[in-house]
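Subject: Structure for your review

Dear colleague,

Please find the structure below for your review. A written account of the findings follows it.

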Amino acid sequence: MRATTPAGTGARITELSFGAAGIGNLFRPVTDEAASAAVEAAWDAGVRTFDTAPHYGLGLSERRLGAALRGRDRDTYTVSTKVGRLLEPNPEGGRGDDLAHGFAVPDTHRRVWDFSSDGVLRSLDASLDRLGLDRVDIALLHDPDHHAEQALTEAYPVLERLRGEGVVKAIGIGVNQCALPARFLRETDIDVVLLAGRYTLLEQEGLAEVLPEAAARGRSVIVGGVFNSGLLTDPKPGATYDYAPTPPHVLDRALRMKTVTERHGVPLRAAALRFPFGHPAVASVLSGARSAEEVRDTVDQLRRTMPAAVWDGLRAEGLLPPHVPVPAATPVEETDRPKEESWG
């Protein structure tokens, strides 16, 4: 599996990153055993980049990811986590759940927005405790949509200092909108943007500013949410789009895409996984998984041969704008895996 290194950093990013929200009980419970097996399957497939956050399951994702990676050579993998939400004990916690925030865990803690310098340091220290690691490689500002000025003037400078001191290898922002990461790319020296749901086969809002800005500055983009929260895995009535019921016109478009890709022997989810790599700024696609089976399916789909006729067919049907870049029509070989010594 191919890997790249953002300019000026030592953070290696594999073309497929493991998103650990699922093992934090996103929407439904996952056992410790299933979570560990999912990480193990990702490792066996050559994935060496793992993304988590305190937000995911009120720390459960970080604890499980750290446990699953324990005992592996720390120099052979990359971990990213996020800052901006501190976890504080909930005085009335444990009697309810956290499903209002999307996670099937007891509400033992509550999230407190904090993009102050002290908040960043406290957040990273707490993440290291939960992960059981001596460092994280990438630190991302997490959804500072309504805290942009504090994130720019307080949180970002401390991340820049930590990077300069070698505490973290790379810094960036993780969001599901485009205006703010474009601003950060213009006004700061971030290394990475994690852009969720805004550069997919279904919509390409990120192509207006974020991806061109990143490419012009030699920065890396990790694309998350490539299935638009599930719609592009299996479009059908009842499927979700951006964590809400899918509007009829969007469902119709996804179903038409599925017809085109399957006409050429390619599942829609395979085209959705491969699509972002058409842009040179994209270093990785981040995909979440709750089980080893989901991981193996994702890897299989990513490695499928992708004929040019798939993209041509989508364009001919008016489902993909002609100016949107697409990947070269070359297969990702089954044998294209990293050697351990390449991660030294």
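Two residues are said to touch, or to be in contact, when they have heavy atoms within 4.5 Å. This is a predicted model, in which local features need pLDDT of at least 70 and side-chain atom pairs count only at pLDDT 80 or more, while totals for chains, interfaces and linings use all residues. Residues are numbered from 1 along each chain as its sequence is written, and side-chain values use heavy atoms, with hydrogens and water left out.

Helices and strands are DSSP runs numbered from the N terminus, a helix (H or I) having at least four residues and a strand (E) at least two. A residue is called buried under 20% relative accessible area, exposed over 50%, and partly exposed in between, with a 1.4 Å probe and protein chains only.

His 142

His 142 belongs to strand E10, which covers residues 138-142. His 142 counts as buried because its relative accessibility is 6%. Residues up to four places away in sequence aside, His 142 touches Ala 53, His 55, Tyr 56, Lys 82, Val 83, Arg 85, Trp 113, Phe 115 and Gly 174.

For helix pairs, axes are lines fitted to C-alpha atoms over the stretch in contact, and angles run from 0 to 180 degrees between N-to-C directions. Helix H3 (residues 117-131) and helix H4 (residues 148-164) have axes that come within 7 Å and cross at roughly 55°. H3 is therefore oblique to H4; angles under 35 degrees count as roughly parallel, over 145 as roughly antiparallel, 65 to 115 as roughly perpendicular, and the rest as oblique.

On the H3 side, the contact is made by Ser 117, Val 120, Leu 121 and Leu 124. H4 contributes Glu 154, Ala 155, Val 158, Leu 159, Arg 161 and Leu 162. Sorted by class, this contact of H3 with H4 has 7 nonpolar, 1 polar and 2 charged residues. Here Ala, Val, Leu, Ile, Met, Phe, Trp, Tyr, Cys and Pro count as nonpolar, Asp, Glu, Lys and Arg as charged, and the others, Gly among them, as polar.

H4 also packs with helix H5 (residues 179-187), at an angle of about 35° and with the axes 12 Å apart. This crossing of H4 and H5 is right-handed. The residues in contact are Ala 148, Glu 149, Ala 151, Leu 152 and Tyr 156 of H4, together with Leu 180, Arg 183, Phe 184 and Glu 187 of H5. The contact of H4 with H5 has 6 nonpolar, no polar and 3 charged residues.

Thr 188

Thr 188 is located in the loop between H5 and strand E12 (192-196). With a relative accessible area of 15%, Thr 188 is buried. Thr 188 and Glu 160 are 28 residues apart along the chain, and their C-alpha atoms are separated by 9.2 Å.

Glu 213

Glu 213 lies in helix H6 (residues 210-217) and counts as buried at 17% relative accessibility. The side chain of Glu 213 makes a polar contact with the side chain of Arg 217 at 2.3 Å. A polar contact is a pair of N or O atoms within 3.5 Å; within protein, one must be able to donate a hydrogen and the other to accept it, and residues adjacent in sequence count only if both atoms are side-chain atoms. Residues up to four places away in sequence aside, Glu 213 touches Leu 185 and Arg 186.

Helix H9 and Met 306

In helix H9 (residues 292-302), Ala 292, Val 295, Thr 298, Val 299, Gln 301 and Leu 302 are buried. These buried residues pack against strand E3 (16-19), helix H1 (32-44), helix H8 (268-274) and strand E16 (282-288). Met 306 is in the loop between H9 and helix H10 (308-316), and counts as buried at 2% relative accessibility.

Yours sincerely

How values were computed: Left-handed = near helix turned anticlockwise from the far one by under 90°.
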